[in-house]
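Hello,

Here is the structure I promised to pass on to you. Please have a look at it first, and then read on for what turned up.

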Amino acid sequence: MKIFLSYGHDDKPALVARLTNDLAEDHTVWVDDQIPLGATWVTQIDQALDRADVVIFLLGKNSVRPDSYCFGELAYARQVGKPILVVSVGEAAAPSIIAHEQRLSMVHCATETGEVIEQTYQPAVAELRRQLALREPRPAPSHGPGLPLYSFRNSARVRTLLRGSAATDHLFPIVEEWLRGWAPHLAILGNAGSGKSTAAAAIYDHYADRAAIHFCNYANEKSTDTRLILQSLANQIAQANAAYRSFVLGSVDFERGLDMLAPDDLFDALFLAPFDELELADPYLLIVDGLDECPAAARGSLNQIMLHRFTEIAESCRLVVTSRKDSETVPNLYASGAEVVDQFESVNDPAMRSYVETFLAHNAITSDAESLANIIEQSQGDFMYTKFILAELKMRRTDDVTKVAFPIGMKGVCQSYFDRIFGGDSEYYEKVATPFLEIISVVGTPLSQKVLCEMLGLETLALSKIVRRLDIFLDVRENAITLGHKSIYDWLRSIELTDRYYISLARGLERVCDYVAHDLLTPDRVSDFTAEYGLRRLAEAKRYETIAQLMIRSDPEVRPLLARFFLQMLSTNDKESLVPLFASYAAAGGPANIVLAEAIKTLFQYEERDVAEAIAGCFSSGPDRTAVGQLVAFYAARARNDDTEAIVTAGRAAMELVPDEAVRLDLMRSLADAYREKGDHRAATELYTEASEKAAPLGLTLTVRDCRAALIDLEYVVGHLRSARRSLDLLKAELDFGVPNIHSYKYYRLLGSIFHITGSENRQARAAFQECLDIADQLSFPLKMIETFNSLAEVQTTVESGLDFVQRARDLAARSDLNRLELGKGYYIEANLLRRAGANEAAEMSARTALTILEAVPYASGCARAHLALGAIHAERGEHAAAIEWFRKANAYYVREQIYPSFRAEAYSGLLRSAAAEGTLATHVGQDDLDQLDAGEFQQLGRIRDEIREFIDGHL
């Protein structure tokens with residue numbers, strides 16, 4: 001075992017030297033005299049801490065001096081999750097960072113001059129060796145390395161939870177009884193602080209040879225990502241089971257990557273398929289702690305997988321989940337047939353009693369049955385409360401618990417703790433601690449130490465002092481600081497003005513907003529916090545003038561943040577704030593620029609016509625009122641998408657009126673969309689290319705990416721699939737997949753279309769389109785949800801599921817009056833599905849409805865698809881003359897536009913077969929037709945081209 005020894009150099013050096021030598025007999029001990037001459041000592045210490053399995057801190061008067069670096073060693077050890085053993089070598093008060101740690105006393109193991117006293121030293125060293133043995137890192141059962149999957153570092157979290165935890169033996173009979181039954185899940189429900197995470201860690205530790213664990217955390221988005229959770233659990237299984245690892249390596253295409261797989265398909269690949277093949281003596285135990293921590297936007301996906309899909313392999317994998325009792329997840333747990341431990345606090349009572357008794361005995365604190373019962377009753381099953389109480393008893397050096405009056409609830413505990421650390425220093429609390437607490441209570445996300453220092457105007461050392469004082473309240477991980485538990489967060493937010501430790505959330509928000517405003521107005525230094533949360537915080541504080549100033553400046557670095565902000569405001573149903581925001585913008589003389597245009601466009605896409613018109617009304621008396629009115633008219637027509645000619649006319653008028661070049665280029669791109677839908681692909685290509693070339697030097701990244709995505713779509717349309725895939729891979733490298741956004745949506749939509757058009761990779765297509773649906777759902781984007789429902793309908797394996805997706809698209813389109821083009825597409829998709837089911841009469845009705853809608857839009861390619869469906873329907877009825885006419889119309893369009901080789905081949909093949917059945921094949925096939933089979937588009941179709949040639953040769 002690797003031991004890091006932290007000590008004060010003047011604290012009984014002879015005892016320290018003897019202890020170092022004795023421990024070195026069985027372990028590798030690092031002390032700071034091993035730092036080589038000329039090395040950077042801070043770096044050397046941090047590296048030694050990184051390598052250590054455990055830290056032994058020798059508590060003495062010199063190790064706790066304010067100028068001692070031992071504080072830094074402790075803080076870093078806690079940050080990286082190292083177990084800390086505290087050994088007292090002198091009379092000294094422990095700093096708050098280790099105040100709650102159980103410690104071993106070696107105070108009387110040496111004389112005042114430092115000579116070791118063998119009689120007391122030997123038993124103390126024996127006990128220290130025993131404690132080290134308990135913390136000996138146990139290697140995870142492994143028959144090989146893990147899989148190339150995302151993994152979370154769970155071992156440190158498990159060790160931290162189990163260190164000093166109460167006995168949890170009462171849990172294992174419950175688990176064993178559940179394992180003997182048939183319930184797929186064991187749900188442990190309890191209040192905040194009741195020890196659910198510790199229970200999860202204990203169960204994992206008990207079944208370590210066949211268990212995997214994951215901890216969800218509301219402050220870490222990755223920890224609640226369904227796909228990453230599945231990958232982490234699978235990776236742990238792979239390390240323990242060589243057969244599982246071998247099967248997955250042989251069946252999953254890791255080179256292609258898993259980022260395109262939807263959660264359902266990932267579950268199929270990593271769990272359903274392997275466990276269908278493996279024979280297990282005992283089921284694997286998968287433990288997911290904090291299922292309720294998942295944010296609302298992602299909860300549906302996580303519940304679907306954890307509570308429904310895992311029931312399919314309940315004989316191979318059983319799930320333990322923990323959640324708060326008041327969580328929205330609880331009804332789903334009951335509905336899934338889970339075995340529920342509802343009153344975990346009462347079930348956990350033996351562990352609570354054991355924990356308290358052990359603590360009091362180890363610290364020689366006198367108690368009786370009444371006082372012991374009082375502590376347990378006061379806690380009401382809340383381990384957090386109990387730990388605060390016991391830490392307070394220890395700090396006060398209380399030797400008789402029967403004489404102590406306990407504070408009431410977490411509020412009383414927190415106030416008592418604050419009295420001790422701030423009671424004699426009210427100025428420090430008001431000037432330093434209060435701003436710190438106000439900020440971390442407001443932001444709701446972990447903040448890096450760098451950002452916190454900048455917000456508070458403090459040096460790193462000053463921040464470290466605050467963190468040390470408030471350590472028991474905080475969670476410090478990976479250099480980011482947040483509140484350690486939601487109960488503390490709730491207490492801080494409930495403090496009233498009359499309370500001694502009052503904090504103002506409004507004041508904290510103002511301080512955060514001041515930082516964000518300065519950050520955004522200095523674009524070359526925008527922090528990650530500002531990029532993700534800054535504009536929302538400004539809107540929350542109603543700092544509309546600041547946002548308006550940013551919109552007027554329209555810096556290229558800030559513009560994508562504004563676009564994301566508008567989407568966030570709409571997806572969180574906070575759209576009403578946009579009207580006063582744009583009123584401030586108009587009052588400040590804001591022009592009709594790209595930011596305004598994007599906001600209006602987005603509002604129409606989200607069905608927020610009234611808000612868009614209200615924003616336009618803010619400009620009723622300004623010089624840009626006509627231009628803004630025309631933007632409203634254009635984007636309204638574009639969202640309806642029911643008259644392509646009207647869209648083109650409105651777009652060209654807007655381009656004449658709006659002076660802002662960025663807006664003109666976005667209008668040009670939208671016009672190109674309309675030309676493409678009309679079937680004029682040459683004009684569309686020219687406009688996309690021109691808009692992209694002009695936007696690039698202006699720093700209009702969003703417009704450039706929109707144009708690039710559209711040009712890739714056209715590559716796919718004309719049949720250049722390999723080129724389209726290469727171009728898509730280049731675009732992918734530039735995109736941010738960490739947060740839902742319109743460009744990641746477009747990436748997956750194009751990927752799904754490319755997979756689908758090949759006709760042989762519908763599983764990958766479904767996965768890609770499912771990603772689109774997830775993104776559109778997280779963005780609450782109805783326009784894109786309609787598109788995706790239609791795309792998913794085309795790639796379903798069963799007619800029933802396909803028709804279900806068509807109906808979902810139709811319901812949403814009708815409800816929102818959005819995108820009539822997509823409504824028409826749904827009808828020709830429905831026609832093809834019904835034809836597959838043999839319902840040709842209904843299929844013809846759907847195809848004709850599609851044609852009626854799409855001819856009015858017009859959407860030329862969609863009309864050709866409807867022609868193709870009608871041709872197939874008539875051919876199956878034996879009505880070959882009618883079929884020939886429909887196939888001829890579809891084929892003529894695809895030949896004229898030189899697009900969609902696969903549909904063109906389908907139309908041509910249908911035409912030939914109907915002509916052959918009618919006996920008129922020779923009149924329909926000429927040398928030009930035969931030459932077309934060797935054209936570039938048909939060359940890519942391989943088998944289809946050969947079948948057509950063979951058919952012609954066999955019938956002529």
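How many cavities of 30 Å³ or more does the structure hold? There are four of them. Before the details, please note that this is a predicted model, in which local features need pLDDT of at least 70 and side-chain atom pairs count only at pLDDT 80 or more, while totals for chains, interfaces and linings use all residues. Residues are numbered from 1 along each chain as its sequence is written, and side-chain values use heavy atoms, with hydrogens and water left out.

Cavities

A cavity here is a set of points, on a 1 Å grid over the protein atoms alone, where a 1.4 Å probe fits but cannot get out; its lining residues have an atom within 4 Å of a point. Points are joined across faces, edges and corners, and the volume is the space filled by probe spheres set on them. The second largest cavity has a volume of about 60 Å³. Its lining consists of Pro 556, Arg 559, Pro 560, Ile 594, Glu 598, Gly 699, Leu 700, Thr 701, Leu 702 and Thr 703. Two or more residues each come from α25 (559–571), α27 (594–605) and α33 (701–717), and α33 gives the most, with three. Helices and strands are DSSP runs numbered from the N terminus (H or I over at least four residues for helices, E over at least two for strands). By class, the lining of this cavity has five nonpolar, three polar and two charged residues. Ala, Val, Leu, Ile, Met, Phe, Trp, Tyr, Cys and Pro count as nonpolar, Asp, Glu, Lys and Arg as charged, and the others, Gly among them, as polar.

Sheets

Two strands pair if DSSP finds at least two bridges between them. Contact means heavy atoms within 4.5 Å. Axes are lines fitted to C-alpha atoms, for helices over the stretch in contact, and angles between N-to-C directions run from 0 to 180 degrees.

Another open sheet of five strands, also with parallel pairing, has the order β7-β8-β9-β6-β10. Its edge strands, β7 (211–215) and β10 (339–341), each pair on one side only. Neighbouring strands are turned by 15° against each other on average, direction ignored. β6 (residues 185–190) pairs with β10 in the parallel sense over three bridges, and Ile 188 has Val 341 in β10 as its bridge partner. Across β7 and β8 (284–289) lies α8, which runs at about 150° to β7.

Helix pairs

α8 (residues 226–240) also packs with α9 (residues 242–251), at an angle of about 125° and with the axes 5 Å apart. That makes α8 oblique to α9. Angles under 35 degrees count as roughly parallel, over 145 as roughly antiparallel, 65 to 115 as roughly perpendicular and the rest as oblique. Ala 234, Ile 237, Ala 238 and Ala 240 in α8 meet Ala 242, Tyr 244 and Arg 245 in α9, a contact of six nonpolar, no polar and one charged residue.

The axes of α10 (residues 263–277) and α36 (residues 762–778) come within 8 Å and cross at roughly 135°, which makes α10 oblique to α36. Here Pro 263, Asp 265, Asp 268 and Ala 269 in α10 meet Arg 763, Arg 766, Ala 767 and Asp 774 in α36. This contact has three nonpolar, no polar and five charged residues.

Backbone

Most residues other than glycine have a negative phi, and most peptide bonds are trans. Lys 12, in the loop between β1 and α1, has a positive phi of about 45° although it is not a glycine. The peptide bond from Val 857 to Pro 858 is cis, with omega near -10°. Pro 858 lies in the loop between α40 (840–856) and α41 (860–877).

Best wishes

Methods
1 Å grid on protein atoms, 1.4 Å probe; cavity = no way out; pocket = protein on both sides within 12 Å on 5 of 7 lines; lining within 4 Å.
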